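Subject: Structure handover

Hello,

Here is the structure I promised to pass on. Please open it and keep it beside you as you read.

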Amino acid sequence: MALSRTARRAVLTVALVCVSTPAFPSAQAAPLPPACQEALLETLDKFPVVDFTVPDKPKNTMTAQVLGLSEADQAVFTEVACAAWNTWATRNGQAVATDLDSRYRNAAGPVCNKFARSALATIKKHAPNVPAETREMERVAKTVWRASMEKLAADATNADCRTAYNAVKAGW
């Protein structure tokens with residue numbers, strides 16, 4: 001699998017309620033449980049977006065945040081948590097993707113704003129319905145989101161992008 005496809009999976013998953021963090025475990029971490037491997041490999045397929053796009057800068061920034069996860073943060077990705085995520089994503093993926101695409105289409109440009117605002121609005125709408133077993137993964141995803149948006153806002157040369165990232169950095 002190409003890194004860009006893996007990165008897309010990781011970032012989309014962060015945007016779609018929290019399982020992105022197992023996408024890039026550090027070299028010293030134990031292998032992911034089978035359900036987490038399934039989440040990594042199949043999440044993108046479970047959320048079949050058409051229009052929603054993750055710009056390269058957020059994708060790369062989130063990927064770097066995920067790569068830097070501590071072993072303790074990686075440890076929240078258990079078989080039970082990932083199995084609960086997989087079941088929820090299978091049942092709700094189309095509705096989440098439809099919502100995400102609609103919000104993306106309706107958000108004002110530039111792309112950084114469309115991404116940030118549509119992702120956060122969709123997460124806020126659907127996060128309360130994610131199974132309780134995934135809450136520790138969600139905690140880690142929130143940390144990844146917040147740190148990524150803070151870095152993006154600090155590094156943004158475009159004022160509209162800086163405003164968009166600052167507006168969503170608090171997360172859900």
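Below is what was found in it, topic by topic. Keep in mind that this is a predicted model.

**Two helix pairs**

Start with helix H2 (residues 34-46) and helix H5 (residues 79-106). Their axes lie 8 Å apart, at an angle of about 15°. Angles under 35 degrees count as roughly parallel, so H2 is roughly parallel to H5. Their crossing is left-handed. On the H2 side, the contact includes Pro34, Cys36, Ala39 and Lys46. On the H5 side, it includes Cys82, Trp85, Ala89 and Gln94. By class, the residues of this contact are eight nonpolar, five polar and three charged.

Now turn to helix H3 (residues 56-67) and helix H7 (residues 135-155). Here the axes come within 9 Å and cross at roughly 130°. That angle makes H3 oblique to H7. The crossing is right-handed. From H3, Lys57, Pro58, Thr61, Met62, Gln65 and Val66 take part. They meet H7 residues that include Val144, Trp145, Met149 and Leu152. The contact of H3 with H7 has eight nonpolar, three polar and two charged residues.

**The cores**

In soluble globular proteins, nonpolar side chains tend to be buried together. Which residues have the most contacts inside the largest nonpolar core? They are Phe52, Phe115, Trp145, Met149, Tyr165 and Trp172, in a core of 23 residues. H5, H6, H7 and helix H8 (159-168) each supply at least two residues of this core. The largest share comes from H6, with six residues.

Look closely at tyrosine 165. Leaving aside residues up to four places away in sequence, tyrosine 165 touches Pro58, Cys112, Phe115, Ala116, Met149, Leu152 and Ala153. Another core, of 19 residues, lies apart from the largest one. Among its residues are Cys36, Phe47, Val130 and Met137.

**Two single spots**

First, find arginine 91 in helix H5. Is it buried or exposed? Arginine 91 counts as exposed, because its relative accessibility is 69% and the cut-off for exposed is over 50%. Arginine 91 and lysine 46 are 45 residues apart in sequence. In space, they are 8.7 Å apart, C-alpha to C-alpha.

Then go to proline 110, in the loop between H5 and helix H6 (111-126). The peptide bond from glycine 109 to proline 110 is cis. Its omega is near 5°.

Best wishes

Methods: Residues are numbered from 1 along each chain as its sequence is written. This is a predicted model: local features need pLDDT of at least 70, side-chain atom pairs count only at pLDDT 80 or more; totals for chains, interfaces and linings use all residues. Side-chain values use heavy atoms; hydrogens and water are left out. Axes are lines fitted to C-alpha atoms, for helices over the stretch in contact, and angles run from 0 to 180 degrees between N-to-C directions. Helices (H or I, at least four residues) and strands (E, at least two) are DSSP runs, numbered from the N terminus. Angles under 35 degrees count as roughly parallel, over 145 as roughly antiparallel, 65 to 115 as roughly perpendicular and the rest as oblique. A crossing is left-handed if the near helix is turned anticlockwise from the far one by less than a right angle, and right-handed if clockwise. Contact means heavy atoms within 4.5 Å. Ala, Val, Leu, Ile, Met, Phe, Trp, Tyr, Cys and Pro count as nonpolar, Asp, Glu, Lys and Arg as charged, and the others, Gly among them, as polar. Buried means under 20% relative accessible area, exposed over 50%, partly exposed in between (1.4 Å probe, protein chains only). A nonpolar core is a set of buried Ala, Val, Leu, Ile, Met, Phe, Trp, Tyr and Cys residues joined through side-chain atoms within 4.5 Å.
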